Amino acid sequence: MKLAEALSRRSDAQKRLEQLRARATGSARYQEGTPPPEDPAELHTEALAVIDEIEQLVRRINRTNAATKLAPNLTITDALAQRDALSAKRALTATLADAASGQRRELGWGRQLRSELRDVTDLSVPQLRREADQQARAHRELDSTLQEANWATELMD
């Protein structure tokens, strides 16, 4: 099985687990004299089996990510951490650019009267936007590399 297939199965299993959890909790209590919509104990058992399936998939995915090299000093695990950092940096930079440009009016910025003091910034909004674009581009490129590796890498046992 390819790494990408395992990631897809994990995602499906997590969705199935959430559905089983909702169905089980919805059936856990019911009105006296009426049967529950579904057997909550049976749903609980099924959900526990799905949790075990997710655990096994995560173990294999993590082993594979830690052992697979994308570059001489870069494993998939390292690339995932780098991608998360790029995402956080882009979000921070874009938020700061929005704040500096005054685009976040819902935060109460702006003047009500001409006699009020104006808001100013010392930040270069165009420079912040360029940085955010560069970070987004690096994120996309790294994500593409990861996706390619996911489809090319066999899942470890």
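In this predicted model, the lining of the second largest pocket draws at least two residues from each of four helices, namely α1 (3-27), α2 (40-67), α3 (76-101) and α4 (125-152). Helix α1 gives the most, with four residues. The pocket holds about 170 Å³ of space. Its lining consists of L3, A4, L7, R10, I61, N65, I76, L80, R83, L146, Q147 and N150. By residue class, seven of these are nonpolar, three are polar and two are charged.

The buried residues of α4 are V125, L128, A132, Q135, A136, L142, L146, A149 and N150. These buried residues pack against α1 and α3, and also against β1 (69-71). L146 and N150, listed among the buried residues of α4, are also among the residues that line the second largest pocket.

S27 counts as buried because its relative accessibility is 2%, and the cut-off for a buried residue is under 20%. Leaving aside residues up to four places away in sequence, S27 touches P36, P37, E38, P40 and L43. Of these contacts, P40 and L43 fall within the range of α2 (40-67).

Notes
Residues numbered from 1 in each chain as written. Predicted model: local features only at pLDDT ≥ 70, side-chain atom pairs only at ≥ 80, totals over all residues. Heavy atoms only, no water. 1 Å grid on protein atoms, 1.4 Å probe; cavity = no way out; pocket = protein on both sides within 12 Å on 5 of 7 lines; lining within 4 Å. Points joined across faces, edges and corners; volume = space filled by probe spheres on them. Nonpolar A, V, L, I, M, F, W, Y, C, P; charged D, E, K, R; others polar. Buried < 20%, exposed > 50% of the residue type's maximum accessible area, 1.4 Å probe, protein only. Contact = heavy atoms within 4.5 Å.
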